[in-house]
Amino acid sequence: MNYTQLAAEALSRADELATCTEVPGILKRTFLSEPMKKAHGLVRGWMQEAGMSVRVDALGNIIGRLSGKNDQAFLTGSHLDTVPDAGKYDGMLGVLIGIAAAKAIGANNLPFHFDTIGFSDEEGVRYKMPYLGSLAVSGLFQEEFFARVDENGITMADAIKNFGLNPADYRSAAYDFTSVKGFAEVHIEQGPVLEKEDLALGAVTGLVGQSRIKLFFRGLASHAGTTPMPGRRDAFAGLSELSVFVEKYAHSVPHLVATIGMAQVRPGGANVIPGEVYFSLDIRHGEQAKLDEATEVILSQAEYIARHRHLTLEIETREAQAVVKCDAALVDKMAAAMAQHGHKNFRLASGAGHDTAILSKVTPTAMLFIRSPGGISHNPIETVQVEDVAAAIEVFTEFLKSV
Ligand SMILES: [Zn+2]
């Protein structure tokens with residue numbers, strides 16, 4: 001089979017996987033749900049057909065191994081779970097490309113074992129906690145997670161038992177990373193960058209870090225008709241000033257994105273001066289220093305606005321997700337494999353989270369992004385082009401030979 005045929009096969013398999021759903025008419029497949037069993041049946045068959053031996057670990061990750069010549073292993077994989085009303089390629093395509101690469105390479109042709117992992121959970125829909133699959137594989141899963149309950153009151157431990165697995169074995173899902181050479185994930189970009197650059201593929205340098213802050217401006221609510229303009233303490237006017245600043249500032253710093261996505265004006269009457277606004281800040285950048293600096297600049301501006309408008313500023317919650325760096329040597333190898341097949345050496349940071357973020361804590365990682373037409377994902381209109389998938393299989397196969 002040539003790469004175009006392998007790509008066409010991967011895409012028809014994605015169509016088949018999309019029939020494994022909890023909700024007829026849309027695609028929704030969450031952690032260890034009934035349709036995940038059917039998905040495992042399909043994936044198992046395809047892995048075996050590619051010459052892989054197949055196992056399912058205690059957290060429901062399905063793993064196909066293409067045997068190599070020594071006991072080291074190189075891993076690929078992505079997630080088999082979806083968001084509600086998902087597209088067919090987010091996650092699944094990475095698993096299908098791992099299988100296609102195994103089929104292209106054949107058993108005992110690599111110096112190491114090549115494992116393709118279909119992670120049981122990355123989206124975190126069922127237990128409101130993402131990365132359950134990759135946490136287990138990475139040895140970072142914690143026993144206390146088992147007590148979480150889904151919306152039907154089923155604990156995670158019971159969901160695992162109902163799937164025919166034993167939660168007590170969770171430690172055995174972890175790899176011994178002393179014998180793992182690295183992990184590389186193929187994924188659709190889920191954004192517009194590659195399409196804008198007119199490129200099929202991009203080598204991912206890392207995953208952006210994020211500051212998530214919820215905060216209040218508080219002023220004084222008062223009658224909109226009887227309170228003269230001088231001396232008003234309008235909390236929403238303060239947020240408006242901040243919002244314009246945030247947009248302008250983010251435009252001025254390359255690769256910075258910053259968003260006020262939630263704002264509640266209180267008390268919220270048309271004839272009342274806003275006494276309080278509750279709002280969110282979402283700030284993301286691929287470089288930790290730039291992210292930290294941007295967060296400080298925006299928060300100091302909020303403090304400045306509060307001071308000169310006689311408001312108070314209160315930070316309710318402040319969460320941070322650190323920047324994840326892929327392994328420079330592996331990223332170079334991915335870019336070299338791209339160049340070898342006539343692709344531009346184009347690199348970008350991922351704006352979304354991926355299983356790679358977890359694996360990066362325990363092993364060298366790389367990612368290969370495939371162009372997302374329209375930049376759309378987490379939507380049933382999510383799509384991918386067969387020639388881009390063929391290019392990804394070819395480049396990924398080349399990359400595996402070079403690690
Ligand atoms: Zn994904």
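Modeller: His255 is exposed, with a relative accessible area of 71%, where exposed means over 50%, buried under 20% and partly exposed in between, computed with a 1.4 Å probe and protein chains only. This is a predicted model, in which local features need pLDDT of at least 70 and side-chain atom pairs count only at pLDDT 80 or more, while totals for chains, interfaces and linings use all residues. Residues are numbered from 1 along each chain as its sequence is written, and side-chain values use heavy atoms, with hydrogens and water left out.

His255 sits in the loop between helix 7 and strand 9 (257–259); here helices (H or I, at least four residues) and strands (E, at least two) are DSSP runs, numbered from the N terminus. The backbone of His255 has a phi near 70 degrees, a positive value in a residue other than glycine. His310, which is not a glycine, also has a positive phi, of about 55 degrees. His310 belongs to the loop between helix 8 and strand 13 (312–321), and this residue is exposed, with a relative accessible area of 57%.

Another backbone detail is the cis peptide bond that joins Arg266 and Pro267, with omega about 0 degrees. Pro267 is placed in the loop between strand 10 (263–266) and strand 11 (272–273).

If neighbours within four places in sequence are left aside, Asp234 is in contact with Ile273, Pro274 and Leu311, contact meaning heavy atoms within 4.5 Å. Asp234 and Ile305 are 71 residues apart in sequence, and their C-alpha atoms are 11 Å apart in space.

The next topic is charged pairs. A salt bridge is a side-chain nitrogen of Lys or Arg within 4 Å of a carboxyl oxygen of Asp or Glu, and by this rule the count comes to 22 salt bridges. In one of them Glu276 pairs with Arg218, the closest N and O atoms being 2.7 Å apart. Glu276 lies in strand 12 (residues 276–285) and Arg218 in strand 7 (residues 209–218), so this pair ties together parts that are 58 residues apart in sequence. Glu276 is buried, at a relative accessible area of 17%, whereas Arg218 is partly exposed, at 26%.

A further salt bridge joins Lys325 and Glu287, with the closest N and O atoms 3.3 Å apart. Lys325 lies in strand 14 (residues 324–325) and Glu287 in the loop between strand 12 and helix 8 (288–308), so the pair ties together parts that are 38 residues apart in sequence. Lys325 counts as partly exposed at 46% relative accessibility, and Glu287 is partly exposed as well, with 39%.

Now for the metal site. The zinc ion is coordinated by His79 (NE2), Asp90 (OD) and His187 (NE2), at 1.9 to 2.2 Å; donors are N, O and S atoms within 2.8 Å of the metal (3.2 Å for Na, K and Ca), and water is not among the atoms, so sites may look incomplete. His79 lies in strand 3 (residues 73–79) and Asp90 in the loop between strand 3 and helix 3 (92–105), so this pair ties together parts that are 11 residues apart in sequence. Both His79 and Asp90 are buried.

The loop between strand 3 and helix 3 also holds Gly87, which counts as buried at 2% relative accessibility. Not counting residues up to four places away in sequence, Gly87 touches Leu27, Met92, Asn379, Pro380 and Glu382. Gly87 and Asn379 are 292 residues apart along the chain, and their C-alpha atoms are separated by 5.1 Å. Thr82 is placed in the loop between strand 3 and helix 3 too, and this residue is buried, with a relative accessible area of 2%. Among the residues in contact with Thr82, leaving aside neighbours within four places in sequence, are Leu27, Met92 and Glu123.
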